[in-house]
Amino acid sequence: MLAKTKEELLKELEEYIENHGYDGKGDVLIQVLHKAQELFGYLPADVLELISDRLNVPLSKIYGVVTFYNFFSTRPKGKHQIKVCLGTACYVKGADRILERFLEELKVGLDEPTSDGLFSVHAVRCLGACSMAPVVMVDDKDFYGRLTPDVVPRIISKYRREG
Ligand code: FES
């Protein structure tokens, strides 16, 4: 199946907004933002402008909501999202070196997608697996614990093979 074009995605978002008539309550705005992020993978500036226009909500209010909730993102993310825990237990066991190694191997900055769009690296707070520190989670499902920087290239290769 071919990926949808941006125009098709925008049309889908407009239909969603029409079917969810805005009633002035914040939760409809959040639902629309969720839908937009599901469609586009993140919240591009022009999409936020469209939402502001269609819901008649000031853009400044929309940015306020988007920055308040950390599950919204205004920047594209990689297909595989690598979350490096920088919580205290992980930090004291060298999580900063793990993070640096991922950024170095992938030649990216924090929260930026790689040029092939395959990966992005994010720093997060405690992932609730402190006994396995330092911990990394990939794609919100795969945990890697007691990591050392030399394991990082192997983790990257595993997902590269998957594409
Ligand atoms: S501090 Fe990293 S999992 Fe708890």
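How far apart do the C-alpha centres of domain 1 and domain 2 lie? They sit 31 Å apart. The chain is assigned domain 1 (6–68) and domain 2 (80–162), with bounds that come from an automatic or database domain assignment.

A quick note before going on: this is a predicted model, where local features need pLDDT of at least 70, side-chain atom pairs count only at pLDDT 80 or more, and totals for chains, interfaces and linings use all residues. Residues are numbered from 1 along each chain as its sequence is written, and side-chain values use heavy atoms, leaving out hydrogens and water.

Now for the helix pairs. Helices (H or I, at least four residues) are DSSP runs, numbered from the N terminus. Axes are lines fitted to C-alpha atoms over the stretch in contact, and angles run from 0 to 180 degrees between N-to-C directions.

| Helix pair | Angle | Axis distance |
|---|---|---|
| H1 (residues 6–19) and H3 (residues 45–55) | about 30 degrees | 11 Å |
| H6 (residues 95–106) and H7 (residues 152–162) | about 50 degrees | 9 Å |

H1 and H3 are therefore roughly parallel, a label for angles under 35 degrees. Their contact (heavy atoms within 4.5 Å) includes Leu10 and Leu13 of H1 and Val47 and Leu50 of H3. It divides into seven nonpolar, no polar and four charged residues; Ala, Val, Leu, Ile, Met, Phe, Trp, Tyr, Cys and Pro count as nonpolar, Asp, Glu, Lys and Arg as charged, and the others, Gly among them, as polar.

H6 and H7 are therefore oblique to each other, the class left once angles under 35, over 145 and from 65 to 115 degrees are taken out. Among the residues in their contact are Phe102 of H6 and Ile156 of H7.

Definitions and conventions
Helices (H or I, at least four residues) and strands (E, at least two) are DSSP runs, numbered from the N terminus.
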